[in-house]
Amino acid sequence: MAVVLLIGTVFVSVYLAAFHAPRPHKLHVGTTEIGTRQEHLQQDLARVVPGGFTLETYPDEDAARQAVQDRSVYAAYLGKGKLLYGSANGAAVTATVTTAFGSAAHAEHRDLSVEDVAPAAAGDTRGLSVFYAAFGLVLAGYLFGMTTYQLAPRLQYRWRMASLAMFGLVGGVLVGVIAGSTGFGALPGPFFQLALVIALMGAAVGGTTMVLLRLFGSAGVSIASILLLILGNSSSGGIMPAAYLPGWLRPLSEILPVGVGVRAMQGLSRFQDDGLSRALIILPAWVLGAALVLYLKDVFRREPPTAASASGPPQHTPGWASEGAVAGPGQARG
């Protein structure tokens with residue numbers, strides 16, 4: 001009871017802290033205005049949302065447009081009331097930038113005119129589908145990592161790693177088919193790259209759950225649920241960008257597999273591969289790190305079998321009664 005109430009309390013606290021009253025913190029926006037006009041623009045933005053924006057300067061409209069399309073900035077103000085934005089960033093970002101720059105245009109005695117240069121996918125009009133697609137795969141990865149030692153405690157290391165690779169591969173293909181152009185059209189990016197990123201994200205989550213379960217036994221289940229399901233999904237950027245998160249939660253979006261994978265999925269779909277290179281470095285690092293830890297634990301530093309395991313095969317016990325096979329020494333065979 002104490003464990004599940006703790007997890008529930010953490011879930012409620014983290015999600016309310018992140019989303020009960022979201023506001024941007026140094027959200028990157030751009031402008032072609034210079035000199036006094038840029039100073040006035042900065043003052044107008046600071047008045048609407050103090051500390052909410054970081055203003056980048058671009059030499060012309062083409063450069064500003066390109067920056068919005070590859071998500072270097074979330075919007076760009078061209079002066080004379082004209083704003084470039086991307087609805088693919090979600091309704092929260094659209095409302096933030098149109099409100100803030102609308103005030104700036106009003107100060108210039110102009111009506112705000114907007115141009116959507118990175119539109120949302122037809123199958124993802126509110127920009128939330130990537131969050132649900134990622135959440136589903138992360139949940140599957142967590143369940144896979146949790147059950148592999150429970151149901152197959154004596155599985156050889158090479159077969160356990162093969163099952164992790166197979167899980168990632170099949171999960172990537174399934175989610176890519178369902179959410180991509182062949183399914184709901186929520187992630188209309190190139191199928192192979194999307195499936196690869198999703199597969200790596202699923203394998204990273206599954207492998208990390210396996211490591212936590214192997215190192216901490218039943219406590220690893222709670223640690224994995226808090227780290228990957230709660231902190232990972234809340235900081236993923238699937239609901240709104242990391243700039244809207246509290247300062248203590250924001251850095252996790254750049255480190256945890258969910259945030260790294262979600263940004264790459266969004267970039268492949270709408271923002272000219274934004275985040276893809278980072279994902280292809282960080283996600284394999286999570287997978288390889290998990291494989292190394294499991295190798296050291298299950299093969300290289302194998303502990304001597306206990307008296308119970310030496311006397312004969314373990315008796316089947318239902319549910320979490322079999323967790324001794326996870327945490328106990330000598331239960332995993334190389």
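**Burial, packing and rings**

Ser-222 is buried, at a relative accessible area of 17%; buried means under 20%, exposed over 50%, and partly exposed in between, with a 1.4 Å probe and protein chains only. This is a predicted model, in which local features need pLDDT of at least 70, side-chain atom pairs count only at pLDDT 80 or more, and totals for chains, interfaces and linings use all residues. Residues are numbered from 1 along each chain as its sequence is written, and side-chain values use heavy atoms, with hydrogens and water left out.

Ser-222 sits in helix α8; helices (H or I, at least four residues) and strands (E, at least two) are DSSP runs numbered from the N terminus. Apart from neighbours within four places in sequence, Ser-222 contacts Val-3 and Ile-7, where contact means heavy atoms within 4.5 Å.

Next, the cores. A nonpolar core is a set of buried Ala, Val, Leu, Ile, Met, Phe, Trp, Tyr and Cys residues joined through side-chain atoms within 4.5 Å. The largest one has 46 residues, and Val-197, Met-210, Met-265, Leu-283 and Leu-294 have the most contacts inside it. Two or more residues each come from α5 (129–151), α6 (157–179), α7 (191–216), α8 (218–234), α9 (257–270) and α10 (276–300). The most come from α7, with 12 residues. Not counting residues up to four places away in sequence, Val-197 touches Gly-261, Ala-264, Met-265, Leu-268, Leu-276 and Leu-283. A second, separate core has 33 residues, including Val-29, Val-49, Phe-131 and Ile-230.

Now the aromatic rings. Rings of Phe, Tyr and Trp (its six-membered ring) pair if their centres lie within 6.5 Å; planes under 30 degrees apart are stacked, over 60 edge-to-face, and the rest tilted. The count is 9 aromatic pairs. Phe-131 and Tyr-132 are edge-to-face, 5.3 Å centre to centre with 75° between the planes. Phe-131 is buried at 8% relative accessible area, whereas Tyr-132 is exposed at 55%. Tyr-295 and Phe-300 are stacked, 6.5 Å centre to centre with 25° between the planes. Here Tyr-295 is partly exposed, at 33% relative accessible area, and Phe-300 is exposed, at 58%. Phe-11, Tyr-15 and Phe-19 form one aromatic cluster.
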